[in-house]
Amino acid sequence: MLKFLILGYLRNVRCHIVHLSAAEAIPLISEVKNSGYPLTVETCPHYLTLDVNEIGNCRTEYKCCPPIRGSTNQEALWDGLRTGLVDMIVSDHSPCTVDLKKPGEKNFMEAWGGIASVQFGN
């Protein structure tokens, strides 16, 4: 991410970070935004509501990219929203048929990497 921000800054090009899931990027985002660089950032509902520690092993229906992380990370994303470092929450609806998630095989390496119907929960 840093490389793209530097390139955008040098070329005076706006930048938009999609699907922020890693709170470790928030200090860099803060620094870049505070410098006046035109940066916007989004995250998705599943990064704010699902906790990897509450998802059982081999639950391919939760496989997405970037991955779902833990509650500490989740709280930092919420803080980023509250302070305006994260600008918006957007849908990352990536539907697929059940067979692409391979629920019977439960193989994460082969399963489709997207969240479908996250609005329905479980």
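Analyst: Asp79 and Arg82 both sit in helix α4, three residues apart, so about one helical turn separates them. This is a predicted model. In it, the two side chains meet in a salt bridge, with N and O 2.6 Å apart. Why does that count as a salt bridge? The cut-off is 4 Å between a side-chain nitrogen of Lys or Arg and a carboxyl oxygen of Asp or Glu. Side chains of opposite charge can pair when their charged atoms come close.

Now look at how open each partner is. Arg82 is exposed, at 56% relative accessibility. Asp79 is partly exposed, at 40%.

Glu75 joins in: Glu75, Asp79 and Arg82 are linked in a network of salt bridges.

Step back to the whole structure. A search finds four salt bridges. Among them is the pair of Lys33 and Asp87, whose side chains meet at 2.8 Å, N to O. Lys33 lies in helix α2, which covers residues 26–34. Asp87 lies in the loop between α4 (71–83) and β3 (88–89). The pair therefore ties together parts that are 54 residues apart in sequence. Lys33 is buried, with a relative accessible area of 18%. Buried means under 20%, so Lys33 falls within that class. Asp87 is partly exposed, at 36%.

Another bridge joins Arg59 and Glu61. Their closest N and O atoms are 2.5 Å apart. Arg59 is partly exposed, with a relative accessible area of 28%. Glu61 is partly exposed as well, at 34%.

Asn57 is placed in the loop between α3 (45–49) and α4. Asn57 is exposed, at 73% relative accessibility. Along the chain, Asn57 and Tyr9 are 48 residues apart.

Terms used:
Residues are numbered from 1 along each chain as its sequence is written. This is a predicted model: local features need pLDDT of at least 70, side-chain atom pairs count only at pLDDT 80 or more; totals for chains, interfaces and linings use all residues. Side-chain values use heavy atoms; hydrogens and water are left out. Helices (H or I, at least four residues) and strands (E, at least two) are DSSP runs, numbered from the N terminus. Buried means under 20% relative accessible area, exposed over 50%, partly exposed in between (1.4 Å probe, protein chains only).
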